[in-house]
Amino acid sequence: MWKVFKAEEVVDFAVQIEKNGQKFYEALADKLDNRELSLIFADLANQESKHIVDFQRLLGDLKAAPLNESYPGEYEEYVKGLAENHVFIKGIDEAIKHIKSPVDGINMALSFEKDSIMFFQELKELVSPGNAGVINNLIAEEKKHILRLIELKKMYSCVCFG
């Protein structure tokens, strides 16, 4: 049986997800030989650190939000399941070992950002409506990261014929 989580604990999951993202982007920036990509991933790491601060601010303002559940704790179980299945649950160091090319790193980053958006979308259900705007802003930032990563993937996946 799952543990029932409080909204504060779910925000703690969100903070951990952002910390994992920061650590991943920093490791990726260090691993890649390409200076341009390293700078981009270092910038993404910096943005993740800003998201950590935003989520930590939410902790002081959380209020219980009414949930439409089939049984008590259903929603928290679902959110915990999302967190447990996040792309970095097995560890960033292990994930970095499997990156053999810039495209591998970009693909892993895309998975991270997509998982994060899904988690943050659900997090909105656990906070008061006044705090949903903060989470919406963070989701918008993560979507910008995805667009940036898609552009990078196009650049580094291009096969040029001479």
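Of the 162 residues in the chain, 44% are buried. The model on screen is predicted.

**Whole chain**

Colour the chain by secondary structure. It holds 6 helices and 0 strands, and from the N terminus on the order is α-α-α-α-α-α.

**Helices H5 and H6**

Next, select residues 102-123, which form helix H5, and residues 129-157, which form helix H6. The two helices pack with their axes 9 Å apart, at an angle of about 160 degrees. Angles over 145 degrees count as roughly antiparallel, and H5 and H6 are therefore roughly antiparallel to each other. The crossing of H5 past H6 is left-handed.

**The contact between them**

Show side chains where the two helices meet. On the H5 side, select Pro-102, Val-103, Ile-106, Asn-107, Ala-109, Leu-110, Glu-113, Lys-114, Ile-117, Phe-120, Gln-121 and Leu-123. Their partners in H6 include Ile-135, Ile-139, Glu-142, His-145, Ile-146, Leu-149 and Tyr-156. Colour the residues of this contact by type: 15 are nonpolar, 4 polar and 5 charged.

**Along H6**

At 1.5 Å a residue, its 29 residues should span 42 Å, and the end C-alpha atoms are 41 Å apart, which agrees.

Which residues of H6 are buried? They are Asn-131, Ala-132, Ile-135, Leu-138, Ile-139, Glu-142, His-145, Ile-146, Leu-149 and Leu-152. While looking down the helix, keep one rule in mind. An α-helix has 3.6 residues a turn, so residues three or four places apart point the same way.

**Asn-131**

Select Asn-131, in helix H6. Is this residue buried or exposed? Its relative accessibility is 8%, so Asn-131 counts as buried, the cut-off being under 20%. Asn-131 and Arg-57 are 74 residues apart along the chain, and their C-alpha atoms are separated by 10.0 Å.

**Asn-107**

Finish with Asn-107, which lies in helix H5 and is one of the residues that meet H6. With a relative accessible area of 28%, Asn-107 is partly exposed. The C-alpha atoms of Asn-107 and Lys-153 are separated by 7.8 Å, and the two residues are 46 residues apart along the chain.

Key
Residues numbered from 1 in each chain as written. Predicted model: local features only at pLDDT ≥ 70, side-chain atom pairs only at ≥ 80, totals over all residues. Heavy atoms only, no water. Axes fitted to C-alpha atoms, helices over the stretch in contact; angles between N-to-C directions. Helix = DSSP H or I, 4+ residues; strand = E, 2+ residues; numbered from the N terminus. Parallel < 35°, antiparallel > 145°, perpendicular 65-115°, else oblique. Left-handed = near helix turned anticlockwise from the far one by under 90°. Contact = heavy atoms within 4.5 Å. Nonpolar A, V, L, I, M, F, W, Y, C, P; charged D, E, K, R; others polar. Expected span 1.5 Å × (residues − 1). Buried < 20%, exposed > 50% of the residue type's maximum accessible area, 1.4 Å probe, protein only.
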